[in-house]
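Please consult the sequence and the structure while reading.

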Amino acid sequence: MSFGIEDSFDHIKETEKKIKMRRILDKIEIVRRSHIEESTDFLDPYERSLASSILNKFDELSYKEYGGLEDSERKVITIFPYYMNDLSEDDIKVLRVKGDTLALTHKDFLGALMNLGISRNKIGDILLHENYADIICKREISDFIILNLSKVGNKNVDIRETSIDDLLPVELDYKEVFKTVSSLRLDSYISAAYNLSRSNSMKIIKSGKVKVNWQLIDKASFEINEGDMISVKGFGRSSLHSVGGFTKKNNIKAIIRILI
């Protein structure tokens, strides 16, 4: 069935992502055999890119992505026969959390959910607003969360289902810093963005703690581009917002946005 598609997984560094792609192949086989729709768990942008490269090889199939909002970071992919049109998006639910949530962080919410034994793959975006937070999740775990999530961090919370139509986008909080970098190599960027030595940056990269646009990168010489999102385990996320011109020493002027 896979026409050697699994051979193309060799470039994927993370075992977990290879497993996810094999699961998508399984879902493709179910759709082709049974002529029904099948949905994935939540996927990050890199995983969806990998999935799309697989799905585009099957002319008899169509697919769509949705995660609550158009610009959601994490989305579900529904796979279906090309002739199907009437698809629902009720595979995901939105849970609204109210209470003293102002001081709570994304990490607090995610930790509370993980402490309930919920897989990260079942949770989409977590949108933090001033007086409430919205958790986007798979339908099959929504009731479990409602019944069991009573505290986030050290705060008591109330949680109820709400409509996807009630979702509002959230502007990411970040601080903007101006840096000069010797090059756009990944190790040079990390050194500048997180105030680390070049040697420490290289060690972090080689230890498998760095992702660029959600893809694991373990080469210090990897070159980044404007708009790239860089995640460093233990240090957080940042993006290369823009580059503009050179210093007298021929270093590159860069604006980096550090997510708060």
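Q: Which residue meets the side chain of Glu-60 in a salt bridge?
A: This is a predicted model, in which local features need pLDDT of at least 70, side-chain atom pairs count only at pLDDT 80 or more, and totals for chains, interfaces and linings use all residues. Residues are numbered from 1 along each chain as its sequence is written, and side-chain values use heavy atoms, with hydrogens and water left out. A salt bridge requires a side-chain nitrogen of Lys or Arg within 4 Å of a carboxyl oxygen of Asp or Glu. At 2.5 Å from N to O, the partner of Glu-60 is Arg-32.

Q: Where in the chain do Glu-60 and Arg-32 lie, and how many residues apart are they?
A: Helices (H or I, at least four residues) and strands (E, at least two) are DSSP runs numbered from the N terminus. Glu-60 belongs to the loop between helix H2 (45-55) and strand E2 (61-66), whereas Arg-32 is in helix H1. The pair thus links distant parts of the chain, with a separation of 28 residues.

Q: How many residues apart are Lys-13 and Asp-218, which form a salt bridge?
A: The closest N and O atoms of this pair are 3.6 Å apart. Lys-13 is in the segment before helix H1 (15-34), and Asp-218 is in the loop between strand E11 (215-216) and strand E12 (229-232). Lys-13 is partly exposed at 44%, and Asp-218 is partly exposed at 32%. Their separation in the chain is 205 residues.

Q: How many salt bridges does the structure hold?
A: Side chains of opposite charge can pair when their charged atoms come close. The pair of Glu-60 and Arg-32 is one example. The total for the structure is 21.

Q: What is the relative accessibility of Asp-173, a member of a negative surface patch?
A: Patches are made of residues with over 30% relative accessible area and no salt bridge, like charges being joined within 9 Å and nonpolar side chains (Val, Leu, Ile, Met, Phe, Trp, Tyr) within 5 Å. Glu-70, Asp-71, Glu-171 and Asp-173 form the negative patch. Asp-173 lies in the loop between strand E8 (155-162) and strand E9 (174-181). Asp-173 counts as exposed because its relative accessibility is 53%.

Q: Which residues is Lys-27 in contact with, leaving aside its neighbours within four places in sequence?
A: Lys-27 is in helix H1. Contact means heavy atoms within 4.5 Å. With those neighbours left aside, the contacts of Lys-27 are Glu-38, Ser-39, Thr-40 and Ile-79.

Q: What percentage of the residues in the protein is buried?
A: The protein has six helices and 14 strands. Its C-alpha atoms fill a box of roughly 65 × 55 × 30 Å along the principal axes. Of the 260 residues, the buried share is 43%.

Methods: Accessible areas come from the Shrake-Rupley method with a 1.4 Å probe; for residues, only the protein chains shown count as cover. Lys and Arg count as positive and Asp and Glu as negative; His and the chain ends are not counted. The place of a charge is taken as NZ of Lys, CZ of Arg, CG of Asp or CD of Glu. Buried means under 20% relative accessible area, exposed over 50%, partly exposed in between (1.4 Å probe, protein chains only).
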